[in-house]
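Visitor: I'd like a close look at one part of this model, with the cut-offs spelled out as we go.

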Amino acid sequence: MIRLSRFAVTHPTLLVRGLKGYLNQPLSPRLFLIVLDYLNKTRMTVIQPWKRFGVFSAGFPTEIPAAMGFFPGYPEAYAALTGAAGCTVPPIEHAESLGYGRDLCSYMKTSIGASRLGWPEDFGGHRVADAYFSANLVCDTHLKWFENEAKRHDRPHFALDVPQLVAGESEARIEEYVDYIEAQLWDLIAFLEKLTGKPFNEKKFMTMVSRSAEICRLFKEIYEYRKRYPANRYFEWVRTFMLPMVSQWNQKDAIRFYRSELKKAEKRYGDNASIDGGRERYRVLWEGITLWYNVDLYQKVLADKGARIVVDPYTYSFAARSAPGATLRETLRRMARDHIIIPFTLNLDRRIAYFNGLIEDYDLDGIILHANQSCRPSSTGLPDLQEALQKQWGIPVLMMNTDHCDPRAYAEGPMNTRVEGFVELMETYKKRKKDKP
C-alpha cells in the first residue's frame, strides 16, 4: 500500500488517467473485485513473512512453487493492467533510457521501468521477489529478463526449457521432449526443497493441480458458448476474464466465479444455437496478444461496423492444464505434455490445421493476425499462415502491425482505414459464401 500511496501523491495525473482507463474496460463488478483482490494479495505479501513472493513468467507451472508457499506474482499481468490503464509509455521510455531497445518486449520494459521507478503493481511495478521462475514457453526473452532481474537483486532463479515443435516431429520425438521437461520438473522440486528447507508438499500440489484442471475445464466450457449466435462473450471481456486462470492465486474463488459464469451461459442459451437477435454481422478471429491500451478498437471501431471477435487462441492457450494422475510422476508427465502443444506455440503445419477447424467451428468471416512488433516469436510464420488460409478458404485476413502494450506503435487513422477495407472484404466474402451451391 505504501508504493500505491506514494504513487498517488507523486503522479496524480497518471493515477487519474489510470482510473479512467480501468473504468473503460468491460469488467463486471465481480471480475473487477477479483482483479483488485489479486493486486491486494500481492501487496500484502510484504507484511506476511510466512509467504514467499515468487515472480513467474507466463506458462510456468505455478502449482509446484505455490505448493511450497510461493505467492504467484506475474509482471506480465501487472504490465497488461498498466496497458489497460493507458500508463505504459513512461515506464517503457524509462527502460529504454536504461539501454533496452525499442523492439524488445513491451511487457518487459513496462515491468522493468515501473519497478525501477518504484511504481505499484496496479501500474506495472513489483517489489523484489524471493525467487524468480521463468520458462521459454513463448519466447527466450522470459529467460534472460528473469535471469537478469535475479542477478541484479541476488535472488535465486529457476529456468524451465521447453522445446519447440517443428514440422514433422514424430510421436517418439515428442515423448523425448516430455521426458526432458519432466526431468526439469523434478529438478524444480529439488530446487524448492533446498531453497525452503522443507520437503515437497505433494498433497497440496495434487490438490492445486486438480483445482487448476477444474478452472481450465470451466473456462473451456464457457468458451464453447462463443460458437453460439451471438457469441456469449467477446475478446475485450475474455482477455481479462482469463486472468484468474493464468495467475492461479486464488483457485477456490476462481472456480466459484467461473461456475457462476457458466451457469449464466447455460441459462441464457439452453439448447438454442441462436438467440437475442441471432448471428453477428461479422464473426472474426484474433490471433496474438491483445492491444491492452486500446479496448476501443474492439468495442467501437470493430463493433460499430458489426465485427466482433468471437475466438482468440491467445486466451485459450492458457487453459491447457490436465487433471492430476494417480502418482506424482504421472502428474508431472501430464504437466510436461501440457507445455508442449498449445495453440499459441503451434508450428506452422499444426497451426494451419487448427485454424482450418476454427474457421468452420466458429463460422468465421474474417481473421486478424497481430504481427506484434515487440513479440516476434508469437508473430513468426504469420505471412505463411495468411497465405495458406486465403488459399484454402479465400477468407479475408488483416495483418495488423502494432504492439500489445506500447501505444506508440499504433496509428489510429491508418489503422481505421485498414479496418474499413477489411470489413468490405468480409462483406464480399459473406456474399460469396451465401451464393455457393
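Which residues in α3 meet which residues in α13?

Guide: Happy to. First, a caveat: this is a predicted model, so local features need pLDDT of at least 70 and side-chain atom pairs count only at pLDDT 80 or more, while totals for chains, interfaces and linings use all residues. Residues are numbered from 1 along each chain as its sequence is written, and side-chain values use heavy atoms, with hydrogens and water left out.

Now your contact, meaning heavy atoms within 4.5 Å. On the α3 side you have Arg30, Leu31 and Ile34, and they meet Asp253, Arg256, Phe257 and Ser260 in α13. Sorted by class, that contact has three nonpolar, one polar and three charged residues. Here Ala, Val, Leu, Ile, Met, Phe, Trp, Tyr, Cys and Pro count as nonpolar, Asp, Glu, Lys and Arg as charged, and the others, Gly among them, as polar.

As for the elements themselves, helices (H or I, at least four residues) and strands (E, at least two) are DSSP runs, numbered from the N terminus. Helix α3 spans residues 29-44 and helix α13 residues 251-269; they pack at an angle of about 165°, with axes 12 Å apart. Axes are lines fitted to C-alpha atoms, for helices over the stretch in contact, and angles run from 0 to 180 degrees between N-to-C directions. The two helices are therefore roughly antiparallel to each other, a label for angles over 145 degrees. Their crossing is left-handed, i.e. the near helix is turned anticlockwise from the far one by less than a right angle.

Strand β1 (residues 52-56) has four of its five residues buried, that is, under 20% relative accessible area with a 1.4 Å probe, protein chains only. Four bridges join β1 to β2 (residues 70-73), with Arg52 partnered by Phe70. Three bridges join β1 to β3 (residues 131-135), where Phe56 has Phe133 as its partner. β3 and β4 pair over four bridges, Ser134 with Ala159 being one example.

Definitions and conventions. Buried < 20%, exposed > 50% of the residue type's maximum accessible area, 1.4 Å probe, protein only. Pairing = 2+ DSSP bridges. Parallel < 35°, antiparallel > 145°, perpendicular 65-115°, else oblique.
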